[in-house]
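Let's walk through this assembly together, moving from the contacts between chains to some details within them. Keep the view open as you read.

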Amino acid sequence: MESSPGNGHVTCGPLLGENDYVLTVGRTFGRSIRRADALCRRASRGLQIAPQIGLKRVPHAHRRSAMPDSSQFNTNRTCPGLWTVTFSNPPINIFAPTTIVELGALMTDLEADPSAKVVVFQSANPDFFIAHLDVSKAAERPEVLGLWRDFVLRVSSAPVVSIAKIRGRTRGIGNEFVLACDMRFAGRQSALFGNPELGVGLVPGGGALEWLPRLVGRSRALEIVLSGDDFDADIAERYGWVNRALDDYDLDSFVDALVRRLASFDREALAAAKAQINRFGMPTATELQSSNDLFFPTLAWPSAQARRAKLRDIGYGVPSDFELNFGRHLPALGRADA
Amino acid sequence: MESSPGNGHVTCGPLLGENDYVLTVGRTFGRSIRRADALCRRASRGLQIAPQIGLKRVPHAHRRSAMPDSSQFNTNRTCPGLWTVTFSNPPINIFAPTTIVELGALMTDLEADPSAKVVVFQSANPDFFIAHLDVSKAAERPEVLGLWRDFVLRVSSAPVVSIAKIRGRTRGIGNEFVLACDMRFAGRQSALFGNPELGVGLVPGGGALEWLPRLVGRSRALEIVLSGDDFDADIAERYGWVNRALDDYDLDSFVDALVRRLASFDREALAAAKAQINRFGMPTATELQSSNDLFFPTLAWPSAQARRAKLRDIGYGVPSDFELNFGRHLPALGRADA
Amino acid sequence: MESSPGNGHVTCGPLLGENDYVLTVGRTFGRSIRRADALCRRASRGLQIAPQIGLKRVPHAHRRSAMPDSSQFNTNRTCPGLWTVTFSNPPINIFAPTTIVELGALMTDLEADPSAKVVVFQSANPDFFIAHLDVSKAAERPEVLGLWRDFVLRVSSAPVVSIAKIRGRTRGIGNEFVLACDMRFAGRQSALFGNPELGVGLVPGGGALEWLPRLVGRSRALEIVLSGDDFDADIAERYGWVNRALDDYDLDSFVDALVRRLASFDREALAAAKAQINRFGMPTATELQSSNDLFFPTLAWPSAQARRAKLRDIGYGVPSDFELNFGRHLPALGRADA
């Protein structure tokens, strides 16, 4: 998406893709949300904006959000009504117990913003949207799965519309994260989805067993969960797992257009329509708790412990072929001599 | 589909596509349904029909139905077991309160016909299947939404199989109309679907919020309803919104073959199987009423009124670029200076 | 799939495709499941196997299972954790009352095997997976439909994962058989699906009316059941009726890889995850009984009897164009002079 001063076509900041420009309004930026709002609207209508208002490409590290960042989530609120939340937990965007705590705090802020209409979740890492849960750390803090269950219910029942823009791998709790979002759009060339728990002797505990059968039907849910394999964006679209697969090149502009469209509508109407649709296809707290309750005992199963013991030496949790191709490596964990 | 006297291949009238022929049996037509029936069967088996029985292309305006037309629905019953209902409310097939009243009367007649097996709904306007509800007129007659809710339940629970053959746009209550039909087949090049209510500050009140999550899943239902955008037939097929998208050229022959097939089966068996399937995926009256109840208060929301006030000057309800590309125009309605 | 001694890539027996090889371990075969297991694992990891261990192509008639065959189901258990069940009831794999009785016995054996993880169902006949129920014989033994309802519930709720690998036609109870399996993979060039009951004046009584609306939505379920037509694998995939359509050439290797993957995981984890997913999308016994109860009265409907009377002379139950293209022939059964 080409953007330059005066051509009137700007992304205006909410979607921090590599090629996005950030609207910087000199020293006034951050002082007057109202003014930034008007500029965004003007620019998005294709009108000229004053040449003294700069559009420059800002290196990611220098980008600033309108609120203090958590350590793993960078939140950008430069366009009114839109929150863009970029997850960054190097090196592979693993979910730790602290991630879940931070995500809960972020939801509290989001719920407290009466102007928020849409939140987009994206990743700073092109290879990993969310790697998976760090199971050993989670085992030490079992209370975070309760927080996670609450997050799933909060984001799916919030008046704010949530959209996952997915590049790279998203597995386990990562898949359960995007399932809890209202919509999912996936990069055809880069996105990979999976719930690999079965391959490490566990059972998904964070919502996959509740969301998937409703979205893709019983038989495809069984294939996804029991195989623990990786599935690409095209299959995910055919199965109804994501709304759509889009070429990676088009993903930003597609989601950007949808997000700005939603943000142009009334918050009350968005919230009312979402609440009506939520009468159908939403897991209940009891259902989610049921898989949550199942998860922790499986951690103690001897076979699961034996499988996980093998993970330590083959690249778990670090940039590695194992993490890139998790699904392919799973059957080896069950072999006596592996 | 080529048809001429003696070649034995006729559409036999139920599907009034532009290129269909109507079987006219001299002066006996209309006098003897039994005789027309036998001719249809003979012709549909590829047998010769007597040369004195003419097959001629009849201009639409001259086509006659076996029962008095309502003012907006032309009903053709020339083939036994089949009702073909063509909606025509120039210039853009808008749904007015009178449309809903007429549709209720049509259902009463259909329910009273013990020989009816299949009803096909189509449009006389190639650009619009059903434009949408005329919201201002509907606001003056709130009771019609109750009639509409009854129609939805009557058509979906009737022993007669209902099929929507869709060319052109069908939005709002138009989309809710086709969702209430048992099956939907859409022209790939011409059909467009959408529920634009969010874009005019409203919430769909006629069944979209109940049918869509069941057919396409929660996330795609949220995308369709919250974006208020137009979706083409291919996306509608991928989402499970319609049974199939077919090339416009093939749509008539495909639906025609299916309809004649269904009409060759026993009414009791069709009704019994439909009733069994209706145990699943059917909205209840209470669910439909819930969105109905939500709809009217939204009409009074100031923001919705402001959006609708802008509609008057930009081509609402008349042949216009606005009506052709409704979805594209919606975001502008929310701009302060639009 | 090429296999020869020493190249280390073997199918290892569970999937008896025409081009599969069977691992024969000299005289030890059958004596030591443990040893065969180790060889399978070794071969599946691409390791060399000793040259004295032969891999030879065994004519189908000579293949032996580890347990006594029933007369219609050949069960192969040469690979640990896997049961491969090949249905063979020449000439067209029709389901007779005895078939249902044998299938019940097979389930009893399967439920009693604590090492079983996966069962694959396939057909020995490339043209017919399962033709359909022999309706006249079933009418004489109404109790078998009760056994059938129990089979549906047993296979779908078993801890063992069931997979249908479908080549050729599968209609009526055949379609209801594959619907009861946990997953369905279909050969793109050969598979055909349908519930033709409506065309012979009946209503599906063995689960189609319960599984289909849940998997494909109400409207596509109505199309499938009410039309009684044949649907190919591509449509079945688009509708969500099968997990995937695969080229016939790739079907064996795809299912083989999935099955060995599943068998490498823990039985407890597979069973626990399946049970959780089974909270959604499973018919209840009461629902299944409801269609079962509907089925028998329809047998006595005069119109259904008239349709079925015509079946006798046109190739029902024998290799014939009628059985190959059942769907196409159905409308003719309703014609007075057919």
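Where chain B meets chain A, the contact takes 38 residues from chain B and 37 residues from chain A. This is a predicted model, so please read every value below as computed from predicted coordinates. Chain B and chain A bury about 3,100 Å² between them, with carbon and sulfur atoms giving 56% of that area. If you want to find the residues that carry much of chain B's part, look for R218(B), R220(B) and L226(B): they supply 24% of the area that chain B buries against chain A, more than any other three residues.

Between chain B and chain A the count is 25 residue pairs in polar contact, with both residues at pLDDT 80 or more. Five helices of chain B, namely α6 (208-216), α7 (218-227), α8 (233-239), α11 (285-299) and α12 (302-311), each supply at least two residues of the side that touches chain A. Of the elements of chain B, α7(B) has the largest share of that side, with nine residues. Sorted by class, the side of chain B that touches chain A has 17 nonpolar, 10 polar and 11 charged residues. What about salt bridges? The count between chain B and chain A is six salt bridges. An example to inspect is the salt bridge in which the side chains of R261(A) and D229(B) meet, at 3.5 Å from N to O.

Now turn to the contact of chain C with chain A, which takes 37 residues from chain C and 38 residues from chain A. The area buried between these chains is about 3,100 Å², of which carbon and sulfur atoms give 56%. On the chain C side, R261(C), I277(C) and F280(C) supply 22% of the area that chain C buries against chain A, more than any other three residues.

The rule finds six salt bridges across the interface of chain C and chain A. In one of them the side chains of E223(A) and R244(C) meet, at 3.0 Å from N to O. The interface of chain C and chain A also has 24 residue pairs in polar contact, both residues being at pLDDT 80 or more. From chain C, the strand β9 (183-187) and the helices α6 (208-227), α8 (248-263) and α9 (267-277) each supply at least two residues of the side that touches chain A. It is α9(C) that gives the most to this side, with eight residues. By class, the side of chain C that touches chain A divides into 19 nonpolar, seven polar and 11 charged residues.

How are the chains arranged relative to one another?

Next, look inside the individual chains. The structure holds 57 salt bridges over all chains. Among them, the side chains of D113(A) and R77(A) meet at 3.0 Å, N to O. This pair links distant parts of the chain, 36 residues apart: D113(A) is in the loop between α2 (97-111) and β5 (118-123) of chain A, and R77(A) is in the loop between β3 (73-76) and β4 (82-87) of chain A.

Over all chains, a search of the whole structure finds 44 aromatic pairs. One of these is F95(C) with W148(C), an edge-to-face pair at 5.8 Å centre to centre, with 85° between the planes. The two residues are 53 residues apart, with F95(C) in the loop between β4 (82-87) and α2 (97-112) of chain C and W148(C) in helix α4 (residues 143-157) of chain C.

Finally, visit the backbone. Most residues other than glycine have a negative phi, and most peptide bonds are trans. The peptide bond from P90(A) to P91(A), however, is cis, with omega near 5°, and P91(A) lies in the loop between β4 and α2 of chain A. N93(A) lies in the loop between β4 and α2 of chain A as well, and its phi is near 55°, a positive value in a residue other than glycine. In chain C, a cis peptide bond joins P90(C) and P91(C), with omega about 5°.

How values were computed. Residues are numbered from 1 along each chain as its sequence is written. Chains are lettered from A and ligands numbered from 1 in the order in which they are written. This is a predicted model: local features need pLDDT of at least 70, side-chain atom pairs count only at pLDDT 80 or more; totals for chains, interfaces and linings use all residues. Side-chain values use heavy atoms; hydrogens and water are left out. Contact means heavy atoms within 4.5 Å. Buried area is the accessible area (1.4 Å probe) that two parts lose on being put together, summed over both. A salt bridge is a side-chain nitrogen of Lys or Arg within 4 Å of a carboxyl oxygen of Asp or Glu. A polar contact is a pair of N or O atoms within 3.5 Å; within protein, one must be able to donate a hydrogen and the other to accept it, and residues adjacent in sequence count only if both atoms are side-chain atoms. Helices (H or I, at least four residues) and strands (E, at least two) are DSSP runs, numbered from the N terminus. Ala, Val, Leu, Ile, Met, Phe, Trp, Tyr, Cys and Pro count as nonpolar, Asp, Glu, Lys and Arg as charged, and the others, Gly among them, as polar. Rings of Phe, Tyr and Trp (its six-membered ring) pair if their centres lie within 6.5 Å; planes under 30 degrees apart count as stacked, over 60 as edge-to-face and the rest as tilted.
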